[in-house]
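Let's take a walk through this structure together. Keep the sequence and the 3D view side by side as you read.

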Amino acid sequence: MTSPIPPAPDSSLVVARELSKTYGSGNAAVHALRGVNLDLPKGELVVLLGASGSGKSTLLNLIGGLDNPTGGSLHYRGWNVAQADEAGLTAYRRDVVGFVFQFYNLIASLTARENIGLITEVSRDPMSTDDALALVDLTNRANHFPAQLSGGEQQRVAIARAIAKRPELLLCDEPTGALDVKTGVLVLEAIQRINREIGTLTVVITHNAILAEMADRVFTMSDGRLELAKVNANPRPVGELAW
Amino acid sequence: MELLDLKLLRDLKALKSQAFAVALVMACGLAMMIMTRSLIRSLDQARDGYYEKHRFAEVFAGLKRAPDSTREKLAAIPGVAAVETGVEVSVTLDLPDLLEPASGLINAVPDRRPTILNKLYLRRGNLLEGSSRLEVLVSEAFAEANALNPGDPIAAILNGRRLELRIAGIVLAPQYVFEARPGSALPDNKTFGIFWMREQELAEAFNLEGAFNTLALSLAPGASEPEVIAEVDRILEPYGGLGAYGRSEHPSNIRVDDEIRVLDGLSFGFPLVFLSVAAFMTHSVMSRQIALQREQIAILKAFGFANRTIAWHYIKFALLIVIVGTSLGTLGGFIFGLKLVDMYHLFFRFPRLEFVPATGAIIGALIASSAAALIGVAGAVLKVVKLSPAEAMRPEPPASFRPAIAERLGFSKWLTVSLRMALRNVERKPWQAIFTTVALAMATGILIIPNAFRDGVRHILDFQWDVVQRQTVTVSLVEPGPMRAAHDFSQLPGVVLAEPFRTVPIEMVSGQRSRRLALHGIVKDADLNRVMGQDNLPLQLEQSGLIISEALGDSLEVRPGDLVTINVLQGKRRSITIPIGGFSQDFAGIASFMELHALNRLLGEGDRITGAFISVAGGQWEAFLRELKETPQASGVVIKNAMRQSFRKTTAESIGLIQVIYSSFATIVAFGIVYNSARIALSERARELATLRVLGFSQGDVGSILVGELVVLAAIALPLGLWIGSGMASLLIQSINTETVRLPLVLSASNYAYATLVITLATAISALIACRKLNQLDLVGALKATE
């Protein structure tokens, strides 16, 4: 399948202007996003902090092409994500975006290797399954089924699955939300390593403020509005964070 | 209403299409059960009431001619309660609107005494009251087919004399509930009827004054029918007795009994299959529902709801489906039952044939479907009871999988990922896969049966009318006549060929077994009416050989080469013991054949015939019929095409109706099963499929993963179903085959193709619906759900 997304000049990968999303209408209307402006340059690790219900998942879903905004614009390399049709969004998710979910969402009937293979089969320029597993340090668990892996291992397989297609954009929704601290650290280390080694623009959403230290830039969200909270000149390695 | 019940109703609403699919499958089985049981009751009641009120006799006999004084001897037989003697003769009719001659039987209505047995039921007009002569009563079936009414004139040829008669009334009689030409399996009400005249007039016309030629007896309580029959035979022998028989051999009664027996068989097998399928569907729907409501169940338990209460909650869910299914089934059973009762009116003539709902069957249906639902829901409910609240609050761990057998055997290279997923899924839940496959196979099989039935009937008739009977018309003589009668027929306009035949009533005996039937004498190298062998090729009748149908061979327990004794029940009543030369094709039940001259030698009455098979050239058909109508010695005329048309109008239509009902039910079941399986697969895999969509798989990719498993199961179920269906059809046909009708098992390619088409369509449409639901899936919502 050829991608409908044209290449664009190398500036900000993702640009959002006055982006809004409203669920429902009338008295029951919920304004999840109220005019968000956002520029995400290539290669950064961005942390998006906010309480639950602040609108951070909504923003991530719009950036990831899972949902259409109700107002404003959203461009990826100049390509209008907000106006894309179903086929366009599918191609965008397949070629551009890597997703990591809170509950891993692995296919239970496929082994770690096959879960990754499933994605690399439909990608344009994937890395090998073994390389992807090596990046998350799970080479020795390649032939295990999800039920045979711990939560942290499952999440690392999910990360390997997300990055195996070499996405330009890695979106992680509460990647450590279901994990204990120790396991969570392993997962975050994997995310940070991949961001540095491959240069994937990575967005991590979390309500854990400690993660702000590992990011290049930190945004906070509340009540559907976004603010730039901090720019780290020297992000700290995950291992050095105070838990 | 309790809040838990409110939850129940809302849950049911959310699951409405699946619950409805289960209820519909249940309803199909129950409708069939209630329909057939109600028809049995309707026929039973109509028959019993009619037989009792109109005093249907219990022993019957035909004879040549006996003086009225014989009555006293017959009445004196121990065990005989009442004696009715009568006169019955053949008649040819001339109906102005009918090109061909019609024929029938005329019975006598006693003048000087009331009728004791087989009393008439008057539908319209009067029962030959008053003193006017030349009046006749007409059977309802014939009157309806020819639009005859009281007061209409009708011309009849009685014993060679043409009489202008007037119709006094339209009647029914208990011995003619099923009204067909003697020896014919199919009714032909347009050209064959039953009539009644005053005894005096009839006896005069046939020189039977002071004599009778039919006998009917009723028995005292506790009397032995075989002993009475033996005594009757002994008394009537000198008067040309043709052998007495009981109700179980009475041609009209046999047909009613056969019909009830067939319904009885259908009322059990089909519903059982349908209800088993419904039980399986209930199980899969409820298991899924309970898996989805794990957390709700945990919360209810944590808040102190007893296991009993929660279990009952889910049982009620299943019982609500039962209530809907039983209501729909009862409604369907009544509607189709009413339609079929109307149809039975074409075949069976009762004074009243009303639809009698089988209330017992409705209660039985309720119990059976409740049992099916409870069996279905039991396993799922047991899971609820075992679930500990703390465990249930946690999301279910990922299901454990392992490589499929095919992969462990080293075939993984050839398996695509989606196929691997399907195979592993099947292996993890083998019972679900097996049940789905078996249920689908059942649905395929059920589709085979009605069409096998239709094809069997069609095959017999095509065989009978195209291969065996190549004559245009069969003409029988008033009484045995000389060979030149056939020659006279060949002189009629348009006649291409006329082949004489002779039919004589005989008793065939082998050891302790005996049968009364007609022995047909047919010319040696017959071109028209042929005797076909079991290889479907014409048999050569040898000079001395006897050919019998296999049905008769089975009945007498004899094979070709064995000796049988033939006792002729007419004329010189000779006996002969000869070997059986071979078996003939036996679709028409018991039958026996000999070469014409050999038969005549056996009878010792010279070269005589009872009729001729005639083939007539198309162009001169009307001229032939006109002349035939004027030929006094022709008493019975059977026109093949008229028979065929009448069959198409009546029997074919009714078989068609039954076939449509059964096919529709089978189709509903097929759709129900496939749709339900697809919906459950969608529900179980929604999260997985949503994940794949988010990861960049297209709707088509994900859809193919969803339906892949279904397609695999359907592909296994199809051949299995065709095989099961063939077996079920064979069993059913064997179970309803009687001595008079032997339906062959015909499994045509079109039958298989139809079943395959329906299942394929059901699979495709269900898959499409599931895929549409999949496309409507809220990706974000499905990802968040944690099961």
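This is a predicted model: local features need pLDDT of at least 70, side-chain atom pairs count only at pLDDT 80 or more; totals for chains, interfaces and linings use all residues.

Helices and strands here are DSSP runs numbered from the N terminus (H or I of at least four residues for helices, E of at least two for strands). Six strands of chain A make up an open sheet with mixed pairing, ordered S6-S7-S8-S3-S9-S10. The edges are held by S6 (97-100) and S10 (225-231) of chain A, each with a single partner strand, so one side of each has no neighbour in the sheet. Ignoring direction, neighbouring strands of this sheet are turned by 20° against each other on average. In general, the strands of a sheet pair through backbone hydrogen bonds, parallel or antiparallel; for two strands to count as paired here, DSSP must find at least two bridges between them.

Both senses can be seen around strand S9 (residues 217-222) of chain A. With S10(A), S9(A) pairs in the antiparallel sense over six bridges. Two residues lie between these strands in their hairpin, where A:Asp223 takes a positive phi near 50°. With S3(A), S9(A) runs parallel, joined by five bridges, and there A:Val46 stands opposite A:Arg217 in S9(A).

Now bring in the helices that lie on these strands. For contact, read heavy atoms within 4.5 Å; axes are lines fitted to C-alpha atoms, for helices over the stretch in contact, and angles run from 0 to 180 degrees between N-to-C directions. Helix H1 (residues 56-63) of chain A lies across S3 (45-50), S7 (169-173), S8 (201-206), S9 and S10 of chain A, and runs at about 150° to S7(A). Helix H5 (residues 151-163) of chain A lies across S6 and S7 of chain A, at about 175° to S6(A).

Residues are called buried under 20% relative accessible area, exposed over 50% and partly exposed in between (1.4 Å probe, protein chains only). A:Leu241 counts as buried because its relative accessible area is 5%. Leaving aside neighbours within four places in sequence, the contacts of A:Leu241 are A:Ile210, A:Leu211, A:Glu213, A:Met214 and A:Arg236. A:Met214 is 27 residues away from A:Leu241 along the chain, yet their C-alpha atoms are separated by 7.9 Å.

Next, turn to chain B, which has 23 helices and 20 strands. Its C-alpha atoms fill a box of roughly 100 × 60 × 50 Å along the principal axes. Of the 787 residues in chain B, 55% are buried. Among the contacts in chain B with a separation of 6 or more, 82% are between residues 24 or more positions apart.

Strand S3 (residues 88-94) of chain B is mostly covered, with five of its seven residues buried. S3(B) pairs antiparallel with strand S4 (residues 102-109) of chain B over six bridges, and B:Ser90 stands opposite B:Leu105 in S4(B). Three bridges also join S3(B) to S7(B), again antiparallel, with B:Thr92 opposite B:Ile157.

Not counting residues up to four places away in sequence, B:Asp455 touches B:Val746, B:Ser748 and B:Asn751.

Finally, visit two loops. Most residues other than glycine have a negative phi. A:Asp137, in the loop between H4 (129-135) and H5 of chain A, has a positive phi near 65° and is exposed, with a relative accessible area of 53%. B:Ala147, in the loop between H4 (140-145) and S7 (153-158) of chain B, has a positive phi of about 50° and is exposed at 57% relative accessibility.

Definitions and conventions
Residues are numbered from 1 along each chain as its sequence is written. Chains are lettered from A and ligands numbered from 1 in the order in which they are written. Side-chain values use heavy atoms; hydrogens and water are left out.
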